[in-house]
Amino acid sequence: MFENLSERLGGVFDRLTKQGALSEEDVRSALREVRVALLEADVSLPVARDFIKRVETKATGAAVTKSVTPGQQVVKIVHDELVAVLRGEGDPGALKIDNPPAPILMVGLQGGGKTTTTAKIAKRLKEREKKRVLMASLDTNRPAAMEQLAILGQQIGVDVLPIVKGESAVQIARRAKSQATLGGYDVYLLDTAGRLQIDEVLMAEVAEVRDVVHPRETLLVVDGLTGQVAVEVAQEFDAKVGITGVVLTRMDGDGRGGAALSMRAVTGKPIRFVGTGEKLDALETFEPERIAGRILGMGDIVALVEKAQATLEAEQAERMAKRFAKGLFNMNDLKTQLEQMLKMGGMQGLMGMLPGMGKAAKQMEAAGFDDSVLRRQIALINSMTKKERANPAILQASRKRRIAAGAGLQVSDLNQLLKMHRQMADMMKKMGKGGMLKQAIRQMM
Ligand code: GDP
């Protein structure tokens with residue numbers, strides 16, 4: 001899987017991580033090479049371009065962590081972005097096979113590995129999830145394909161709907177549905193007909209079957225070696241029949257693997273499984289972390305940087321906790337906290353994490369305290385001088401007027417902020433006596 005891409009990236013990052021200091025140009029030229037490697041792996045152009053842009057932004061903004069080189073840090077950023085691209089928005093979770101009998105529609109072009117994958121999934125559901133599974137072939141044009149599924153069923157000990165000559169795909173689907181219901185099956189998998197190319201007849205047939213069985217999952221099986229073509233096929237099937245996920249086959253080959261990287265970003269559909277061989281247990285659930293690890297092949301460096309980051313955060317938390325416990329909680333600290341709150345999804349998210357603050361969060365919310373309030377408070381702090389931020393006690397009327405005006409707000413807004421600051425400083429001081437504060441700060445980072 002991904003040998004070529006992996007090798008190419010390995011070369012780029014080996015050079016990068018061996019260098020001590022990195023100039024912006026070093027990073028940029030390395031990323032140019034990454035971009036070429038991605039395109040050669042048949043990752044779609046917009047996906048590759050976005051990817052590089054995000055890595056570049058993060059690499060320039062990254063906090064320098066002691067004990068790792070900038071190159072190692074770039075590797076970690078690339079790794080995280082790979083995971084993000086592979087994962088996409090939201091976790092698809094497990095296959096939806098509650099409410100027995102749950103229909104799963106298997107669709108795809110001929111030769112993509114649809115029949116084999118149907119049997120692989122059936123085997124997995126039977127063995128790992130102890131499900132009673134029924135399979136049925138709807139490929140009325142190819143008796144050999146129907147035969148093939150029957151043989152695979154025997155091999156894995158999964159029931160296959162008997163073949164009745166002369167039935168249409170829809171008739172078989174109906175029979176499978178009633179057999180699955182009557183026979184007390186948990187899941188039934190329908191292996192639909194494939195064609196060498198996408199054609200209207202095929203799509204119409206699959207859509208008709210879909211309307212009869214109302215599948216819980218419609219899985220597209222595509223050959224991962226075909227790169228961008230696989231992504232186009234997925235788009236086409238999704239537009240015509242609607243798919244819930246993708247299975248990429250032949251990922252055991254040393255193919256270019258770009259389909260895996262583009263699929264989610266281009267189609268919005270999750271990859272659920274990858275096929276890694278002809279054997280019936282050569283099927284893996286798609287795990288973005290693991291796949292990213294294989295693409296990059298730099299697990300050691302990623303782990304090293306993660307550890308260094310965790311150490312750095314622990315040290316920072318410790319320093320902050322010490323200062324806060326002494327009552328040294330100034331406006332800069334408050335600003336950091338407010339910014340952190342914004343980043344973490346606002347007030348509620350943060351207060352929920354601080355021990356004993358869940359109730360306070362609810363009260364603040366009830367009082368109309370939301371993210372726009374956070375932004376206004378940050379604006380007020382920005383409007384203060386360095387001296388004022390370090391020691392808000394010096395704020396008298398004229399300074400207050402100036403600060404409020406600078407932020408485009410009222411003095412009453414500033415007074416509110418100052419009150420909150422005093423309360424927080426008090427609380428920090430109290431909490432600092434126990435170990436709670438350090439823990440809370442850690443969680444916020
Ligand atoms: P269908 O026409 O889409 O039903 O494709 P088949 O299931 O008949 O598969 C076509 C060929 O691809 C068969 O020889 C399979 O053994 C092979 N195949 C399917 N999945 C994989 C895979 O993940 N890796 C490899 N190496 N071969 C596969």
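**The annotated span and its surroundings**

Modeller: In residues 270-283 the end C-alpha atoms lie 16 Å apart, and the span is 0% helix and 43% strand, where helices (H or I, at least four residues) and strands (E, at least two) are DSSP runs numbered from the N terminus. This is a predicted model, in which local features need pLDDT of at least 70 and side-chain atom pairs count only at pLDDT 80 or more, while totals for chains, interfaces and linings use all residues. Residues are numbered from 1 along each chain as its sequence is written. UniProt, in an unreviewed entry, places the feature "domain: SRP54-type proteins GTP-binding" at residues 270-283; such annotations may be inferred rather than shown by experiment.

Gly-275 is, with Gly-113, Lys-114, Thr-115 and Thr-116, among those that come nearest of the 17 residues around the ligand, a residue being near if its C-beta atom, placed from the backbone, lies within 6 Å. Helix H5 (residues 114-129) supplies the largest share of this shell, three residues, and the shell divides into one nonpolar, 12 polar and four charged residues, with Gly counted as polar.

Gly-275 is also in contact with Leu-248, as are Ile-271 and Val-274, contact meaning C-beta atoms, placed from the backbone, within 7 Å. Leu-248 in turn is one of the residues with the most contacts inside the largest nonpolar core, which has 97 residues; such a core joins buried Ala, Val, Leu, Ile, Met, Phe, Trp, Tyr and Cys residues through C-beta atoms within 7 Å, buried meaning 20 or more other C-beta atoms within 10 Å of a residue's own.

Notes. A residue is buried if 20 or more other C-beta atoms lie within 10 Å of its own, exposed if 12 or fewer, and partly exposed in between; C-beta atoms are placed from the backbone. Two residues are in contact if their C-beta atoms, placed from the backbone, lie within 7 Å. Lists of a residue's contacts leave out its neighbours within four places in sequence.
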